[in-house]
Amino acid sequence: MSKADRIPSAEVVPLADRMRYMQVFRLILVAVVALVVALSPESHHAGPEAFALVTLAFMGLSLGAHLAWRVSRGAGLALFTGMLIVDGIYLAWTAYATGGGASPIRYLIILHIITVALLASYRTGMKMALWHSLLLLVVYYGQQGGVLSPLDAGDAPGAGTPFEQLIVFSAVLWFVAIATSAFSAVNERELRRRRYDLEALASMATRLEDTTDSGSVAETVLESICDTFGFKRTLFFGGEGGSELELLAHTGEVTRGVRGPPPAAGSALNTAMTSRRTQLVSYPHVDADPWLSVLIEGARNVLIVPLSAEGHAIGALVAEHGMRRGSRIERRVVAMVERFASHGALALRNAWLLEEIQHLAATDGLTGIANRTTFQHVLAQELARTRRNGGSVGLALLDLDH
């Protein structure tokens with residue numbers, strides 16, 4: 001993927017897709033204008049030649065902007081925004097030329113605002129609503145001042161004066177713009193949150209590739225989770241080969257030096273690890289989880305995610321949500337923490353395997369003591385340190401066999 005094709009982290013919809021979809025919308029727009037011109041030629045302020053000339057100029061600008069974007073991707077956003085302004089001018093002119101207030105083209109203005117709010121952003125949708133409102137006023141006062149063809153009875157069907165009808169249409173325009181932008185803003189924020197979460201997950205996975213021990217794995221996972229979701233206190237437990245759980249890392253204030261037996265039946269930790277399902281508890285119970293309740297004393301709204309590898313639970317990740325806004329953990333957060341924990345469990349298992357291989361390579365399989373390779377490595381280190389410090393080194397040889 002080239003640098004120009006990469007999607008910025010803040011961009012929800014790729015600019016290429018926006019350009020393509022808006023091109024399709026413009027083709028539909030031109031087709032509708034041609035249909036309106038063909039069906040009601042008697043109510044027009046301009047002749048067919050004028051419509052053809054303006055439409056050809058509009059499509060030429062649209063095609064030119066698309067080709068310019070193909071050549072220079074860096075100017076894509078400016079070209080996209082500029083064509084939105086041109087869209088507004090074309091819609092304003094065709095609405096005026098096909099009957100003014102009675103023109104069905106005006107409904108395309110509402111459709112244009114909805115399309116822009118959904119494709120670009122809710123902010124852009126609101127700006128386009130303002131732009132269309134200004135253009136409608138320009139056309140109205142142009143007719144009032146005689147610059148454009150003056151208003152007649154056909155321009156103001158229904159109750160009220162032409163200006164009153166303009167105000168009503170503008171109110172409808174803004175209502176649609178605000179409603180569409182509000183829903184678009186909600187969807188956009190959710191998409192941005194999910195994108196941010198996935199980028200944080202990918203970043204953590206990259207960092208885990210450089211970790212070689214279980215402690216570093218635990219610290220990396222907790223740091224990533226705290227930065228992404230804002231947890232204040234987190235714990236990372238690990239138990240290799242069914243051994244007792246060990247606190248490998250933590251964030252926030254915890255009671256240090258606390259050790260305890262494996263979680264008993266009925267405890268939230270045990271339930272999470274045996275069922276391999278995430279547990280949400282209001283607070284760790286003193287009787288059921290004495291170790292956890294002491295480690296994170298006074299914790300509220302605790303999330304316990306099991307760490308599983310090769311079909312077995314090898315630990316647990318504990319995060320305190322606390323008494324923050326909402327007082328409940330969002331389902332999105334729970335699902336993403338489970339993904340973080342899944343990556344952390346695999347990295348933890350790999351770190352344990354690497355540590356085991358390093359131990360086997362450094363010790364004798366029968367006696368469990370350091371082998372000759374380790375002896376030579378340590379001896380070289382001691383001799384080098386002696387040369388640096390100017391001291392001496394002693395070596396004792398013992399024959400254990402005889």
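The model is predicted, so to speak of local features requires pLDDT of at least 70 and side-chain atom pairs count only at pLDDT 80 or more, while totals for chains, interfaces and linings use all residues. Residues are numbered from 1 along each chain as its sequence is written, and side-chain values use heavy atoms, with hydrogens and water left out.

The second largest cavity has a volume of about 60 Å³, a volume being the space filled by probe spheres set on the grid points, which are joined across faces, edges and corners. Its lining (residues with an atom within 4 Å of a point) consists of Met19, Met22, Gln23, Arg26, Ser62, Ala65, His66, Leu79, Phe80 and Met83. The elements that give two or more residues to this lining are tabulated here; helices are DSSP runs of H or I with at least four residues, strands are E runs of at least two, and both are numbered from the N terminus.

| Element | Residue range |
|---|---|
| helix H1 | residues 15-39 |
| helix H2 | residues 48-71 |
| helix H3 | residues 76-97 |

Helix H1 gives the most to the lining, with four residues. By class, the lining has six nonpolar, three polar and one charged residues, with Ala, Val, Leu, Ile, Met, Phe, Trp, Tyr, Cys and Pro counted as nonpolar, Asp, Glu, Lys and Arg as charged, and the others, Gly among them, as polar.

Helix H3 also holds Thr81, which is partly exposed because its relative accessible area is 39%, between the limits for buried (under 20%) and exposed (over 50%), taken with a 1.4 Å probe and protein chains only. The C-alpha atoms of Thr81 and Thr124 are separated by 8.8 Å, although the two residues lie 43 residues apart along the chain.

Across the protein chain there are 11 helices and five strands, and buried residues make up 40% of its 402 residues.

Note on methods: On a 1 Å grid over the protein atoms alone, a cavity is a set of points where a 1.4 Å probe fits but cannot get out, and a pocket is an open set with protein on both sides within 12 Å along at least five of seven lines; lining residues have an atom within 4 Å of a point.
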